[in-house]
Protein chains: 2
Amino acid sequence: MLGRLNHVAIAVPDLAAASAVYRDTLGATVTEPQALPEHGVTVVFIDVGNTKIELLEPLGETSSIAGFLQKNPAGAMHHVCYEVADILAARDQLKASGMRILGDGEPKIGAHGKPVLFLHPKDFQGTLVELEQV
Amino acid sequence: MLGRLNHVAIAVPDLAAASAVYRDTLGATVTEPQALPEHGVTVVFIDVGNTKIELLEPLGETSSIAGFLQKNPAGAMHHVCYEVADILAARDQLKASGMRILGDGEPKIGAHGKPVLFLHPKDFQGTLVELEQV
């Protein structure tokens, strides 16, 4: 079921400052910031050749990552995203194995315009897992 | 400077249980456990096609991840590892940019038999960054 690692997401308090570290110090290419109001984040992506790093900054007063950044004010790794061929089939298989899907269990459209779901970190050793249909 | 993402490391309290989740529930191939006493960890790798997930379990009483797991008893993402062509050149360039290298600043041999260094998480938005020469 588990496909390629689409990205690793890192929540940051200051997207411009974090982007500068990756661009200027590490020499990476950083995309322009993209606001995703329905996810409560502004994101940039960093292409590292085989996968991407996603930097997330809170957007709006009800951002889903605001609480995470309160616990980790300097920033921290937030989730990993794996690609799946069929997100509904993957969801149903995971649910049958006792895994919990966050929210209402229905895919939302993610940063790449593709359906995504999030799985409960308690079922994956404290790691928040996103699935993206590609 | 920044090369491919070699792996994402996740610290787990129970390597066998975590391996079973990836193998049995997610259908991934998990390597046999490898003890790395000089790093204070036992590791397995999960090949996800374009990169790897490394699961880390503490080994020995002075394990470097024991404290991390005390703060995150269920487990948590621990570090990301990027490949570099020349680890000493990368280190010197990072130091010249004001980035801090952990330990004595000299590469150690990592899980793949290659030289590795760790960079201070405070310089990378709370993310512990490993560099591996490939």
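This is a predicted model: local features need pLDDT of at least 70, side-chain atom pairs count only at pLDDT 80 or more; totals for chains, interfaces and linings use all residues.
Local features need pLDDT of at least 70 and side-chain atom pairs count only at pLDDT 80 or more, while totals for chains, interfaces and linings use all residues. Residues are numbered from 1 along each chain as its sequence is written, chains are lettered from A and ligands numbered from 1 in the order in which they are written, and side-chain values use heavy atoms, with hydrogens and water left out.

**View 1. Where chain A meets chain B.** Here 36 residues from chain A and 36 residues from chain B take part in the contact (heavy atoms within 4.5 Å). Together the two chains bury about 3,000 Å², with carbon and sulfur atoms giving 67% of that area. Buried area is the accessible area (1.4 Å probe) that two parts lose on being put together, summed over both. On the chain A side, the residues that lose the most area to chain B are A:Leu26, A:Met77 and A:Gln125, which together give 24% of what that side buries.

**View 2. Polar pairs and elements at the interface.** Look for seven residue pairs in polar contact between chain A and chain B, both residues at pLDDT 80 or more. A polar contact is a pair of N or O atoms within 3.5 Å; within protein, one must be able to donate a hydrogen and the other to accept it, and residues adjacent in sequence count only if both atoms are side-chain atoms. Strand E1 (5–11), helix H1 (15–25), strand E5 (76–84) and helix H3 (87–96) of chain A each give two or more residues to the side that touches chain B. E5(A) gives the most, with six residues. Helices (H or I, at least four residues) and strands (E, at least two) are DSSP runs, numbered from the N terminus.

View 3. You will find A:Glu130 in strand E8 (residues 129–133) of chain A. A:Glu130 counts as buried because its relative accessible area is 6%, where buried means under 20%, exposed over 50% and partly exposed in between (1.4 Å probe, protein chains only). Its side chain makes polar contacts with the side chains of A:His7 (3.2 Å) and A:His79 (3.0 Å). A:Phe118 lies 12 residues from A:Glu130 in sequence and 4.4 Å away in space, C-alpha to C-alpha.

**View 4. Cys81 in both chains.** A:Cys81 is buried because its relative accessibility is 0%; B:Cys81 is also buried, with a relative accessible area of 0%. Leaving aside neighbours within four places in sequence, A:Cys81 is among the residues in contact with A:Glu130.
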